[in-house]
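Please work through the exercises below with the sequence and the model side by side. Each task is followed by a solution that goes step by step.

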Amino acid sequence: MEEDVPVTDADIEQYADAANAGRLTRSDVMALEMVGLDDPAYTRSRALLLMNAQRKGDDAAIKRYLDQLMMLPENQYNPIYLSELGRYLVNHKQYDAALEKANLAERYWARLPPELVFSKKAEIYETQAAAWQGRFYQSEDDLELLEQAIRHWQKYRDHVQSKSRSDLARRADAELAKLEDIRTRLH
Amino acid sequence: MAATFMRALRPTGLAVAALALVATGCAGKRVIYGSVVDRNGQPMDRVIVSLDPGGVELVTDSEGNFMIDYLRDDDGQRVKLAKKTEYTLEAFRTGYHVSRIDFYFKRGELILDPITMQEDTIELRPSDDDIDPARFPDRSHSAGTNYEGE
């Protein structure tokens, strides 16, 4: 009986905090999954489900909700979801597709909420750098791909240093050191 | 008849000398054999293997094997492996962590244990941003743009 009751946008608000903490219950998930594609609350329901899956590290659910978000044309140009999808694709070694999504996210970065501009741009740049690095690793030592990977990790480092995020800059430095060592060995 | 047969078996002076030469050649041979595998035990080709000290760099074959039977001196000339020496062997291939092993080469032939290379995995953390769209105004339908932003 309960599943026949439609979930409205206002109803969804009750799930927001739990989703952000990765603590949606099974019945919460079922309620959010019932929101249909033609419902105005559809995108929010899937964004909350995605966030919950990310916090829990549920890889299959992350992919499922990203796919569901991308079923709406407007979400296919949303830099937040594009960035999340790009990161998922990198982690699954689909580097060409990851790069495409990250580049599209960068193209539409102006749509980012001001609160997320820095962090999402950092994620987009990191995804680009990782995707180039992955393409290089999959190549037969294609030095042009290596140079692209180095350039994009430098771009990421420049960005995170602009807000003095030394923790993120260290990650870039570690990857750059690794790639520069490879460059030395291959030349 | 038996004596004739025994005489035939008796080595001549020339044969003794030849055998001695072969034996000396084997004793002087200095070579290191090894192989490189991935974490699943599969052989890895195209791995660059280098030895320090030694100045040699070579690549594993299609079965992941390598053999080092000479070094290079400062002038680039081939020289024998030095006996009773501590060596460091390094294995490198793009996309994998560099593997290093230290070993002691006494003399003769040495077969190293297989070197296992670990893949350098590229992993991105999921975002920890709050991406609830209700937290932010929707910019995808703002005036003057369609959802493709054109």
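**Exercise 1.** Find the partner with which E106(A) forms a salt bridge, and state where the two residues lie.

*Solution.* A salt bridge here is a side-chain nitrogen of Lys or Arg within 4 Å of a carboxyl oxygen of Asp or Glu. By this rule E106(A) pairs with K155(A), and the closest N and O atoms are 2.8 Å apart. Next, E106(A) belongs to helix α6 of chain A and K155(A) to helix α8 (residues 143-161) of chain A, so the pair ties together parts that are 49 residues apart in sequence; helices are DSSP runs of H or I with at least four residues, strands are runs of E with at least two, and both are numbered from the N terminus. Finally, E106(A) is partly exposed at 24% relative accessibility, and K155(A) is partly exposed at 27%, where buried means under 20% relative accessible area, exposed over 50%, and partly exposed in between (1.4 Å probe, protein chains only).

This is a predicted model, in which local features need pLDDT of at least 70 and side-chain atom pairs count only at pLDDT 80 or more, whereas totals for chains, interfaces and linings use all residues. Residues are numbered from 1 along each chain as its sequence is written, chains are lettered from A and ligands numbered from 1 in the order in which they are written, and side-chain values use heavy atoms, with hydrogens and water left out.

**Exercise 2.** Locate the two ends of the salt bridge between K93(A) and E119(B).

*Solution.* The closest N and O atoms of K93(A) and E119(B) are 2.9 Å apart. The pair crosses between chains, running from the loop between α5 (79-91) and α6 (95-107) of chain A, where K93(A) sits, to the segment after β10 (115-117) of chain B, which holds E119(B). K93(A) counts as partly exposed at 41% relative accessibility, and E119(B) is also partly exposed, with a relative accessible area of 31%. Over all chains, the count comes to 28 salt bridges.
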